[in-house]
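Student: I would like to learn how to read the packing of helices, the pairing of aromatic rings and the backbone exceptions in a model. Could we take them one after another?

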Amino acid sequence: MSQSHVQDHIELIAKHEQEFLSQRTRAVRVSDAIAGFVGSLPFVVGHLCVFALWIGYNLLPHTRHFDPVPFSLLQTCVAMESILVASFILMRQTRLGRRSDERDHLMLQILMLTEKEITAVLGMDRHIANEMGLSREANTKEVRELSQDTSIEDVAQTIREKLPEK
C-alpha cells in the first residue's frame with residue numbers, strides 16, 4: 001500500500017471525526033469540556049487544595065468557623081458536586097458509546113463488503129487457473145470452500161451457539 005494511499009485513509013478518518021465533533025451542540029461541547037476537566041489532574045489538585053484550606057480554616061483556633069467539625073457544609077457541597085460530575089461523565093460516556101456503535105456498524109459493513117469482494121476475486125482466480133490448466137490447484141477443498149459465499153447469518157448463529165454466556 002503506497003504512503004499516499006495510507007495518508008488518504010488517515011485524512012478520511014480524521015475528516016469523519018472532525019465532522020462528528022463539529023456536529024455537537026453547544027451544550028454537548030460544554031458538557032464534554034466539563035467531563036474532560038473533572039477527569040484531569042488539575043481538577044484533583046484543585047479540590048485537594050480547596051479541601052485542605054476549608055478544613056484547615058475551620059480547625060483554626062480563635063476564628064469564626066463557618067463549617068465546624070464534622071464539616072456538614074463541605075459534605076453537602078461534595079455530595080452535590082459528585083452528582084453533577086457523575087451526570088456529566090455519564091452523558092459523555094453515553095455519547096461516546098453511541099459513536100463507538102456507529103464505528104462498529106461501519107466496520108461491519110466494510111468487512112462484509114470485503115468478504116464479498118474477496119469471494120468474487122477467488123471465484124475469478126479459480127476460473128483463470130482452470131483455463132490455464134491449473135485445475136488441481138484451483139479446486140483444492142480449501143480454495144473451493146473459500147470461494148463460496150459466506151452466510152453472515154450462519155456465522156452469527158454459530159458464534160451465538162459457541163460463545164459462553166456471561
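Tutor: Let us begin with how an axis is drawn: axes are lines fitted to C-alpha atoms, for helices over the stretch in contact, and angles run from 0 to 180 degrees between N-to-C directions. Helices (H or I, at least four residues) are DSSP runs, numbered from the N terminus. This is a predicted model, in which local features need pLDDT of at least 70 and side-chain atom pairs count only at pLDDT 80 or more, while totals for chains, interfaces and linings use all residues. Residues are numbered from 1 along each chain as its sequence is written, and side-chain values use heavy atoms, with hydrogens and water left out.

Student: At what angle do the axes of H3 and H4 cross, and within what distance do they come?

Tutor: The axes of helix H3 (residues 41–59) and H4 come within 11 Å and cross at roughly 165°. Angles under 35 degrees count as roughly parallel, over 145 as roughly antiparallel, 65 to 115 as roughly perpendicular and the rest as oblique; H3 and H4 are therefore roughly antiparallel to each other. As for handedness, a crossing is left-handed if the near helix is turned anticlockwise from the far one by less than a right angle, and right-handed if clockwise; the crossing of H3 and H4 is right-handed.

Student: Which residues of H3 and H4 make the contact?

Tutor: Contact means heavy atoms within 4.5 Å. On the H3 side the contact is made by Phe43, His47, Phe51, Trp54 and Ile55, and on the H4 side by Leu73, Leu74, Cys77, Val78, Glu81 and Val85. To sort them, Ala, Val, Leu, Ile, Met, Phe, Trp, Tyr, Cys and Pro count as nonpolar, Asp, Glu, Lys and Arg as charged, and the others, Gly among them, as polar. The residues of this contact of H3 with H4 then divide into 9 nonpolar, 1 polar and 1 charged.

Student: Is the crossing of H2 and H4 left-handed or right-handed, and at what angle do their axes cross?

Tutor: The axes of helix H2 (residues 26–38) and helix H4 (residues 72–131) come within 9 Å, crossing at roughly 115°, which means that H2 is roughly perpendicular to H4. The crossing of H2 and H4 is left-handed. From H2, Val28, Ser31, Asp32, Ile34, Ala35, Gly36 and Val38 meet Val85, Phe88, Ile89, Met91, Arg92 and Arg95 of H4, and the residues of this contact of H2 with H4 divide into 8 nonpolar, 2 polar and 3 charged.

Student: What does the contact of H1 with H4 consist of?

Tutor: Helix H1 (residues 3–22) packs against H4 at an angle of about 145°, the axes being 13 Å apart, and the crossing of H1 and H4 is right-handed. His16, Glu17 and Phe20 in H1 meet Arg95, Arg99 and Arg103 in H4. The residues of this contact of H1 with H4 divide into 1 nonpolar, 1 polar and 4 charged.

Student: How many aromatic pairs does a search of the whole structure find?

Tutor: A pair of aromatic rings is described by the distance of the centres and the angle of the planes. Rings of Phe, Tyr and Trp (its six-membered ring) pair if their centres lie within 6.5 Å; planes under 30 degrees apart count as stacked, over 60 as edge-to-face and the rest as tilted. A search of the whole structure finds 3 aromatic pairs. The ring centres of Phe37 and Phe43 are 5.6 Å apart with planes at 85°, so the pair is edge-to-face. Trp54, Tyr57 and Phe66 form one aromatic cluster.

Student: Is Phe43 buried or exposed?

Tutor: Buried means under 20% relative accessible area, exposed over 50%, partly exposed in between (1.4 Å probe, protein chains only). Phe43 is buried, with a relative accessible area of 15%, whereas Phe37, at 44%, counts as partly exposed.

Student: Which peptide bond is cis, and where is Phe71 found?

Tutor: Most residues other than glycine have a negative phi, and most peptide bonds are trans. The bond from Val69 to Pro70 is cis, with omega near 20°, and Pro70 lies in the loop between H3 and H4. Phe71 is found in the loop between H3 and H4, with a positive phi near 60°. Phe71 is buried at 13% relative accessible area and touches Trp54, Ile55, Asn58 and Leu59, not counting residues up to four places away in sequence. His62, in the loop between H3 and H4, has a positive phi of about 65° although it is not a glycine, and at 84% relative accessibility His62 counts as exposed.

Terms used: Helices (H or I, at least four residues) and strands (E, at least two) are DSSP runs, numbered from the N terminus.
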